[in-house]
Amino acid sequence: MTDLSQLSGISIANTQVSFLGWAVYFTIVLLVIGFFVQSALKGYNGRVFKTGPARMAEQLYLFLENMAVGAIGSHGRKYLPMLATFWMIIFVSNVVALFMPASPTTVLGFNFGLALCSIGYVQYEGIKANGLIGHVSHFAGPKLGLALLPITLMIFLIEIFSEIMKNISLSIRIFANMSGGHAAVESMNKLGEPAFLPLGEFLLPLKVLTCLVQALIFTLLTCVYLGLVTHHDHGDEAHAH
C-alpha cells in the first residue's frame, strides 16, 4: 500500500500527514463550522438570539462588522460573508490543532491556498470597483508625467512584486505560528519526560491566544487590502449619498 505522506511530503514537527489525513482534518473543520452555523440559525427566531451559539454568532458578526467598517469603510459590510468564511476556517482549524497532532493550518499548502483566495478576491473586488484598466493603473502610483516614466515603471514593478509577496507573507505567518507551536510543545514534553511532566501543556494559554490572533491578522489584512483597492468606489458611493 502506498504511503501518501511520501507523495505529499507534508511534515508537521515530527508528525507526517498524508493527503488523506489532511482531508480528514479539513472535513472535521467543516463539520464543526456547519454544526455551529446550524445551531446558531436554530437559536435565532428573526428577532431574538435565544441560544448560546446564536448569541456567539451575533457577537462574531458584530466583531467582524466593526473590523470591516473600521478598515474598509461603510461599504465594508458587503464583504462580511467572505471575511466570516476566512475567520471561521482559520480559527476553527487552529483550535483543532490544539487537540490533534495536525490541522489544515499546520500545512503550508493549505495556508497558501487561503492566501491565494484572499488576494485573488481583493483583485476581483478592485477590478469591480475601478475597472480593469483603473485597477491595473493604480499599481503605477501617482501620475508623474512622461519625463519620469522610468520611475513610474519601477513603482509598477515594485507594486506587482509586493502583491505577489502578500501571498507568501499571509501563508507563512499562519504556518510558522501553528507548526512552530506543535514543535515547541513536543520539545518541552521531551524535556519533562524524565520527571513524567507534560511541560508542553503549559503552553496551552499561549496557543489559544495564537489561534485567535492568527485568525484576526489574516482577516484584518484582507480588510486592509480591500480598503486600499476599493476606496475610490467608496468615495463614489459617499458622493452619491
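This is a predicted model: local features need pLDDT of at least 70, side-chain atom pairs count only at pLDDT 80 or more; totals for chains, interfaces and linings use all residues.
The patch covers about 590 Å² and is built from Leu108, Phe112, Leu116, Phe161, Met165, Ile168 and Ile172. Two elements supply two or more residues each, namely α5 (108–137) and α6 (149–192). Ile172, for one, sits in helix α6.

One partner is helix α3: the axes of α3 (residues 52–71) and α4 (residues 80–99) come within 10 Å and cross at roughly 115°. The α3/α4 crossing is right-handed. On the α3 side, the contact is made by Leu60, Tyr61, Phe63, Leu64, Glu65 and Ala68, while α4 brings Leu80, Leu83, Ala84, Trp87 and Met88. Sorted by class, that comes to 10 nonpolar residues, no polar ones and 1 charged residue.

The other partner is helix α2 (residues 19–42), whose axis comes within 9 Å of that of α4, with a crossing angle of roughly 120°. Here too the crossing is right-handed. From α2, the residues involved are Tyr25, Ile28, Val29, Val32, Ile33, Phe36 and Val37, and they meet Met88, Ile89, Val92, Ser93 and Val96 of α4. The tally by class for α2 with α4 is 11 nonpolar, 1 polar and no charged residues. Met88 of α4 turns up in both contacts, touching α3 in one and α2 in the other.

As for charge pairing, side chains of opposite charge can pair when their charged atoms come close. A search of the whole structure turns up 2 salt bridges. In one of them, the side chains of Arg77 and Glu65 meet at 2.8 Å, N to O. This pair ties together distant parts of the chain, with Arg77 in the loop between α3 and α4 and Glu65 in helix α3, 12 residues apart. Glu65 also belongs to the α3 residues that make the contact with α4.

Terms used. Residues are numbered from 1 along each chain as its sequence is written. Side-chain values use heavy atoms; hydrogens and water are left out. Axes are lines fitted to C-alpha atoms, for helices over the stretch in contact, and angles run from 0 to 180 degrees between N-to-C directions. Helices (H or I, at least four residues) and strands (E, at least two) are DSSP runs, numbered from the N terminus. A crossing is left-handed if the near helix is turned anticlockwise from the far one by less than a right angle, and right-handed if clockwise. Contact means heavy atoms within 4.5 Å. Ala, Val, Leu, Ile, Met, Phe, Trp, Tyr, Cys and Pro count as nonpolar, Asp, Glu, Lys and Arg as charged, and the others, Gly among them, as polar. Patches are made of residues with over 30% relative accessible area and no salt bridge: like charges are joined within 9 Å, nonpolar side chains (Val, Leu, Ile, Met, Phe, Trp, Tyr) within 5 Å. Accessible areas come from the Shrake-Rupley method with a 1.4 Å probe; for residues, only the protein chains shown count as cover. A salt bridge is a side-chain nitrogen of Lys or Arg within 4 Å of a carboxyl oxygen of Asp or Glu.
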